[in-house]
2 protein chains.
Amino acid sequence: MECDVVFTAKEVTAALVLEKNVVVIDVLRATSTMLTALFNGCTAIIPVKEPEEGKKLLEKELLTRGEARENYVLGGERGGVLIPGYDLGNSPLEYTYSAIGQKKLIFCTTNGTLAISKAAQAKNLYLGALLNAGALAATLKKKGDPIIFACAGTRGHYTLEDVLAAGLIMHELKNQTENVALSDKALTSLVLYRYYENDLAKVVNFSKHAKVLTALGFTKDVAYCSQKNLFDLVPAYKQGEIRLGEM
Amino acid sequence: MECDVVFTAKEVTAALVLEKNVVVIDVLRATSTMLTALFNGCTAIIPVKEPEEGKKLLEKELLTRGEARENYVLGGERGGVLIPGYDLGNSPLEYTYSAIGQKKLIFCTTNGTLAISKAAQAKNLYLGALLNAGALAATLKKKGDPIIFACAGTRGHYTLEDVLAAGLIMHELKNQTENVALSDKALTSLVLYRYYENDLAKVVNFSKHAKVLTALGFTKDVAYCSQKNLFDLVPAYKQGEIRLGEM
């Protein structure tokens, strides 16, 4: 199985993802938060790129579907913090069952949802994080190659924790099959994971983005997102929505 | 000392390198070959971007300086092989004392000389490879920060061996001073080196570019360029020429 990695959302193009199985990774915090929401009973996530787009989409959903406002949550961030008029921010710890259970989430983040929208034409599009690496590897093994790990990065810059998660998923995949071929970037990602295998919190904390979040008071989020294989879940994007996919 | 890395020549800009100490790295093979030429008595290297530019420059040098043709070597590659009309290719093993000693080299390669020309406005601009990592670290320690390792890459793509060399140079720098601050990309590079510290040939051979060179028959070049700290030399670029700099 051929594995390649792109380091930032801005490198993702329709041509790149065509006929590929793609995993979008935004460890701090978009994909970790979406995983947590789905684990806690969120029925579906609609990713949007801009805050206003989320608000307009909510109005449209309420009007056309006749649904109650309490069946929806507007969530996401700009600059790491809550968007004015939104219900929840981008902290996974906010997405408890009482906050999101049986509700639909309209979700807007800076890097994660951008990467998803740019990879929307993939053959299969999954969400990955440290939290669900093992489950993802099992799904990827079934789906076959070629596989692209699309690290979201931060505003066009490389982020350590996303590449680390790509490395962990490849490590899990190699545990499940011998038939894995790595590009130069894929090997680098695998090595990053294996070097820090027993100390993921340390390397995640090292990253620039973790330092920004810590300065904003999100220390617990960083620790939470550094956990390995907490969920046996594989969220999949299809026709504008993210739901728990076939495993 | 703040260290950052760029993974490809195309990411190098005048704004990025301004007031910075920059190390251009093209392990396979441009910087390894230039180092070897300088070690074997080459008096200066003039990097050029295009094959025709090299030929015109040679004509001009011969006319304006009244020098003999045998005092110059036209060297470089396109597609990994000798350029028609050139004296030597891009194999370091060609640049023996009898071939290059006391001569000036006009040198044209695909990625390495592109990276040099794009980084020409740096405060100080050095050439790095696995072959001279220790000597470079000593120079960088003296020059101070910020430091940028500009990996040449291959036609805009990430190459493992250049990032490995950036990692080795930072490893040597950290051996010489405790005061080293690494960006996310810099830490990734350092980890790549440390993971393969005792088996550099293995990881260099893994790279896509090494496989291309091996298929072209340059197996010995790949092994040669995988050696660590063979030369105690620091080539520096100044006003269009590369010479052995102050250490």
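What do the side chains of B:Arg65 and B:Glu61 meet in? In this predicted model, the two side chains come together in a salt bridge, with an N to O distance of 3.1 Å. The two residues are 4 residues apart in helix 3 (residues 51-65) of chain B, and therefore about one helical turn separates them.

In chain A, salt bridges that share partners join A:Glu61, A:Arg65, A:Lys104, A:Glu241 and A:Arg243 into one network.

Over all chains the count comes to 18 salt bridges. Another of these pairs is B:Lys185 with B:Glu11, whose closest N and O atoms are 3.8 Å apart. The pair links distant parts of the chain, with B:Lys185 in helix 8 (residues 184-195) of chain B and B:Glu11 in the loop between strand 1 (2-6) and helix 1 (14-17) of chain B, 174 residues apart. B:Lys185 counts as buried at 15% relative accessibility, whereas B:Glu11, at 32%, counts as partly exposed.

Between chain A and chain B, by contrast, the count is 0 salt bridges, although 6 residue pairs are found in polar contact across the interface, both residues being at pLDDT 80 or more. The elements that give two or more residues to the side of chain A that touches chain B are helix 7 (160-176), helix 8 (184-195) and helix 9 (200-206) of chain A, and the largest share, 8 residues, comes from helix 8 of chain A. The area buried between the two chains is about 1,700 Å², of which carbon and sulfur atoms give 71%. A:Tyr158, A:Asp184 and A:Tyr195 supply 35% of the area that chain A buries against chain B, more than any other three residues.

Finally, on the surface, A:Val81, A:Val212 and A:Leu216 form a nonpolar patch with about 220 Å² of accessible area together. A:Leu216 is found in the loop between helix 10 (208-215) and helix 11 (219-225) of chain A.

Notes:
Residues numbered from 1 in each chain as written. Chains lettered and ligands numbered in written order. Predicted model: local features only at pLDDT ≥ 70, side-chain atom pairs only at ≥ 80, totals over all residues. Heavy atoms only, no water. Patch = residues over 30% accessible without salt bridge, like charges linked within 9 Å, V, L, I, M, F, W, Y side chains within 5 Å. Areas by Shrake-Rupley, 256 points an atom, 1.4 Å probe, with all protein chains shown as cover. Salt bridge = Lys/Arg side-chain N within 4 Å of Asp/Glu carboxyl O. Buried area = accessible area lost by both parts, 1.4 Å probe. Polar contact = N/O pair within 3.5 Å; in protein donor to acceptor, adjacent residues only side chain to side chain. Buried < 20%, exposed > 50% of the residue type's maximum accessible area, 1.4 Å probe, protein only.
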